[in-house]
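The model is shown first.

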Amino acid sequence: MSRNGSGSWRERRRRRRERGRPGPPGPYALLPWLLMGLGAFSNLFQGQTPNPWIGGLGLLTFNSLYISVVFRAFVKEKRESPVSYWLLAVMAVVTFGLAIGYGGSWLLFFPLLSLACGTVLRQRQLVLGLLCLAAVASLVAVWRGDNVSEPWAIGYGTFISGAVTAAILTLSETVMELRATRQELARTAVEKERLRFSRDLHDLLGHTLSVIVVKSEAARRLAPRDMDAALLQVADIESVGRQALTEIREAVTGYREGSLATELDRARSALTAAGIEPVVRRSGPPLAPQAEALLGWVVREAVTNVVRHSDATTCSFMVDGTAERVRLTVTDDGRGQAAEPPAPGIGGTGLKGLTERLAAAGGSLTAAPRPDGGFGVTAELPVDATDGVDTADGAVPPHTLGR
């Protein structure tokens with residue numbers, strides 16, 4: 001079986017397993033409890049209930065209200081609306097009237113009322129409601145004296161019916177919310193990985209293609225008068241292309257490690273080929289690999305902009321800092337224009353993406369024309385910077401984000 005076929009088979013199996021997991025109980029699961037009223041119905045049917053029309057109307061009203069409340073309870077907006085509370089209040093009036101008037105099997109409507117309360121009430125309302133209902137049920141059972149079981153059993157059954165129902169429904173709702181949260185985390189992780197991939201491709205291809213174009217123009221200019229120098233530029237184009245292929249493969253797998261020193265060397269080569277004099281000054285403590293990688297991306301993006309748009313003759317790179325923070329400054333003496341139409345406070349797509357990456361690592365990036373002409377890019381980072389991405393369940397590993 002091919003890799004794609006195996007992956008799709010695993011995905012189908014995962015979806016079947018998700019569908020097979022039990023969800024929260026529905027309203028139909030609570031309808032069989034109405035069978036507790038069979039004793040009262042039997043009394044009506046056998047003519048043992050005085051005023052049977054009143055009893056029958058009360059039984060029909062209670063069952064109708066119970067079904068209505070239960071079905072409303074599984075829709076959050078309806079459950080929390082005042083209508084549901086009014087229906088419970090009417091149920092309570094009907095239950096008290098039937099229990100006080102008839103006693104015996106009619107006292108079992110108290111647990112049914114409690115069960116309906118457990119589907120609607122939550123937290124403090126639930127506790128107070130069930131305690132009051134259980135106490136009233138016990139008192140009515142004592143006062144009637146003809147109940148089918150002990151008064152304390154009626155009160156206990158009333159309390160436990162609502163409490164267990166509320167606990168099961170609350171737990172089920174929590175499980176469903178956790179499933180939804182896990183799916184959202186997975187979706188967010190996929191979006192972050194797509195963003196990482198698009199950023200890497202933008203930075204990799206934008207810089208590499210710019211270098212190839214510059215060196216191709218240099219080869220074309222040199223070819224008529226110095227073939228050896230032109231061939232040297234062509235060899236550089238081949239080397240840059242091969243390196244770009246390697247970097248793209250590494251970016252796809254998410255394990256590309258950047259190096260500030262390597263990017264500075266490449267910057268010298270690209271600027272020299274474009275007729276721009278590079279000046280590099282570096283000082284300060286050693287940097288963590290993540291800080292090196294982030295500053296390498298800044299160098300790559302800045303050089304791409306200088307080569308494409310600046311018409312500069314000189315480009316300077318200065319790396320300095322303290323034991324806590326490091327600063328990279330890239331300046332040129334060109335036209336002072338950003339690579340792309342700037343957003344407020346920052347440049348175009350590449351610089352905006354770098355701003356987000358550095359911010360996630362606790363740093364900052366500024367890019368703006370210089371007062372004395374040219375353009376400047378300044379990046380600051382903690383010396384031991386990390387990418388600042390949470391790696392909780394469902395998140396993408398840090399080494400695959402913000403690169």
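What is the handedness of the crossing of α3 and α6? The crossing of α3 and α6 is left-handed. The model is predicted.

## Helix packing

Two packed helices are described by the angle between their axes and the distance between the axes. Helix α3 spans residues 52-73 and helix α6 spans residues 109-120. Their axes lie 9 Å apart and the packing angle is about 20°. Angles under 35 degrees count as roughly parallel, and α3 and α6 are therefore roughly parallel to each other.

Side chains of opposite charge can pair when their charged atoms come close. The count for this model is 13 salt bridges.

R79 forms a salt bridge with E80, with the closest N and O atoms 4.0 Å apart. R79 also meets E173 in a salt bridge, at 2.9 Å from N to O. This second pair links distant parts of the chain: R79 is in helix α4 (residues 76-79), E173 is in helix α8, and the two are 94 residues apart.

R79 counts as buried, because its relative accessibility is 9% and buried means under 20%. E80 counts as partly exposed at 48% relative accessibility, and E173 counts as partly exposed at 28%.

The side chains of K215 and D236 meet in a salt bridge of 3.3 Å, N to O. K215 lies in helix α8 and D236 in helix α9 (residues 227-253), so the bridge ties together parts that are 21 residues apart in sequence. K215 is buried, with a relative accessible area of 3%, whereas D236 is partly exposed, with a relative accessible area of 26%.

Elsewhere, salt bridges that share partners join R79, E80, R122 and E173 into one network.

## Nonpolar surface patch

W152, Y156, I160, V164 and I168 make a nonpolar surface patch of about 530 Å². One of these residues, V164, is placed in helix α8, which covers residues 151-222.

Is V164 buried or partly exposed? V164 is partly exposed, because its relative accessible area is 41% and the class lies between the 20% limit for buried and the 50% limit for exposed.

Conventions. Residues are numbered from 1 along each chain as its sequence is written. This is a predicted model: local features need pLDDT of at least 70, side-chain atom pairs count only at pLDDT 80 or more; totals for chains, interfaces and linings use all residues. Side-chain values use heavy atoms; hydrogens and water are left out. Patches are made of residues with over 30% relative accessible area and no salt bridge: like charges are joined within 9 Å, nonpolar side chains (Val, Leu, Ile, Met, Phe, Trp, Tyr) within 5 Å. Accessible areas come from the Shrake-Rupley method with a 1.4 Å probe; for residues, only the protein chains shown count as cover. Helices (H or I, at least four residues) and strands (E, at least two) are DSSP runs, numbered from the N terminus. Buried means under 20% relative accessible area, exposed over 50%, partly exposed in between (1.4 Å probe, protein chains only). Axes are lines fitted to C-alpha atoms, for helices over the stretch in contact, and angles run from 0 to 180 degrees between N-to-C directions. Angles under 35 degrees count as roughly parallel, over 145 as roughly antiparallel, 65 to 115 as roughly perpendicular and the rest as oblique. A crossing is left-handed if the near helix is turned anticlockwise from the far one by less than a right angle, and right-handed if clockwise.
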